[in-house]
Amino acid sequence: MKPHDSQPSGLPQKIPLIVGGIFLAGFILAILWMLPLIRKVQREKAQQKEMLPTYGLSQSGQTGQNAPVARDPLTLTNGMVWIPPGTFLRGSTNGQVDEKPVRELALDGFWIDATEVTNEQFERFVKETGYVTTAERKPDPRDFPGAPPENLVAGSIVFSPPPGEVPLTDHFIWWRYQRGANWRHPEGPESDLKGREQHPVVQVSWFDAMAFCKWAGKRLPTEAEWEYAARGRLAGKEYMWGDELSPGGKWQANIWQGRFPHENLASDGYRGTAPVKSFPPNGHGLFDLAGNAWEWCADLYLPDYYANCPAKNPPGPDTSFDPNEPGVAKRVQRGGSFLCTDLYCGAYRPSTRMKTSPDTGLQHAGFRCALTAPGPVPARN
Ligand SMILES: [Ca+2]
């Protein structure tokens, strides 16, 4: 045996070991990098599982300060409207890609609040339960690894219009995180709710909306229920009131007039939110589904859910994906707000879909409740 056969150079033999070592180190580093994200997703999943809607009236077995109050089922429908069972065409052929395909859905009957939940109603819930909303809590450092502690302050997102025209492609230009903004102080610590008792509550996360619903013995509407209710018996119309945005020059919803986001003409009478019922109801007698405040739905958001969902009582997908922000499980919001214009957003259309992280509060977003319960007893002749 030649010496060089028995004593080959060490390097070629070690190459697989070195490559393997580099790969292993990279893998470990990737796991370490991903760990906070994985933990956050796990926490959100656990939280969302805990907050799943209660379909029906049973509220037993809850303890603690956020326990729902036992209520007489007859009082639950106070201020609610019965939406009879039926079929409707969901989606739009001329909207965004996630509004397609248009499909006929069949829904059971259900109750839905005639208006958005108001500040006065939300205050009663907070007084009775001591509930603290997401925006009032200090952000968990585990959700924001690397963030300086001084930046981890309770707050929420407020509209911050620029002085002049800006490209409409970057919404970060007109939104900012405001320390101390929450449902009691929608625009920040200097603002309050005086005179806004009948305005929709805003700056509430999906979790806050779910907590309110539990307390009230209600639930959030599914996305299908919301659109069915919003269409108000009008099939295939562009808006909830017909095909014209402001028939006869009369505004039908609290939305934006002027050039967005710097010119707020308020020709509908309101620069921000309006008291609920300030605009005409739709065909079901429901107010402000279009505009005023966005409304949380129960569903997770999935852009292609319409193509694959059940045709009867679709409950929403069991997973979420937003191509614009992969990795964040989002919930659906509907109806647009006082910030929507035909030049931007346009979400006062009944088919427009929005998706938002469930822990996010916004100055223009609230909710209304739904309820599964028997319909009204027909009047005797
Ligand atoms: Ca609304």
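I began at helix H4, where the cover over the buried residues includes H5. Contact here has a cut-off: two residues touch if their C-beta atoms, placed from the backbone, lie within 7 Å. Helices (H or I, at least four residues) and strands (E, at least two) are DSSP runs, numbered from the N terminus.

I noted what kind of model this is. It is a predicted model, in which local features need pLDDT of at least 70, side-chain atom pairs count only at pLDDT 80 or more, and totals for chains, interfaces and linings use all residues. Residues are numbered from 1 along each chain as its sequence is written.

**Entry 1: confidence and overall make-up**

I looked up pLDDT, the predictor's confidence in each residue, from 0 to 100. The chain has a mean of 87, and 82% of its residues reach 70 or more. Residues 50–70 fall below 50, yet this stretch has 29 contacts in the model beyond near neighbours in sequence. Residues 1–9 also stay under 50. For them I found two contacts beyond four places in sequence.

I then listed the secondary structure: seven helices and eleven strands. Of the 381 residues, 37% count as buried. Buried means 20 or more other C-beta atoms within 10 Å of the residue's own; exposed means 12 or fewer; partly exposed is in between, with C-beta atoms placed from the backbone.

**Entry 2: helix H4**

Which residues of H4 are buried? I found Asn 119, Gln 121, Phe 122 and Phe 125. Seen down the axis of H4, they fall within an arc of 165 degrees, so they line one face of the helix. The arc is that of the directions from the helix axis to the C-beta atoms.

Next I checked Glu 120, which lies in H4 (residues 119–129). Glu 120 is partly exposed, because 13 other C-beta atoms lie within 10 Å. Leaving aside neighbours within four places in sequence, Glu 120 is in contact with Glu 197 and Gln 198. The C-alpha atoms of Glu 120 and Pro 200 are 8.8 Å apart, though 80 residues separate them along the chain. After H4 comes Gly 130, with a positive phi near 75 degrees.

**Entry 3: the core**

I looked for the largest nonpolar core. Such a core is a set of buried Ala, Val, Leu, Ile, Met, Phe, Trp, Tyr and Cys residues joined through C-beta atoms within 7 Å. The largest one has 69 residues. Those with the most contacts inside it are Ile 112, Ala 209, Phe 212, Leu 220 and Ala 229. Helix H5 (residues 206–216) gives the largest share, nine residues. I followed Ala 229 and found contacts that include Ile 83, Ile 112 and Leu 286.

Two strands pair if DSSP finds at least two bridges between them. Trp 111 has Leu 371 as its bridge partner in S11.

Another open sheet has four strands in the order S9-S8-S7-S10, with mixed pairing. Three bridges join S7 (residues 294–300) to S8 (residues 331–334), and these two run antiparallel. Glu 295 stands opposite Arg 334 in S8.

Nine of the nine residues of H6 are buried. Just after H6, Gly 232 takes a positive phi of about 55 degrees.

Most residues other than glycine have a negative phi, and most peptide bonds are trans. I looked for exceptions. The bond from Lys 100 to Pro 101 is cis, with omega near -5 degrees. Phe 260 and Pro 261 are also joined by a cis bond, with omega about 0 degrees.

Lys 277 is not a glycine, but has a positive phi of about 70 degrees. Asp 288 is not a glycine either, and its positive phi is about 60 degrees. Buried or partly exposed? Asp 288 is buried, with 28 other C-beta atoms within 10 Å. Lys 277 is partly exposed, with 15.
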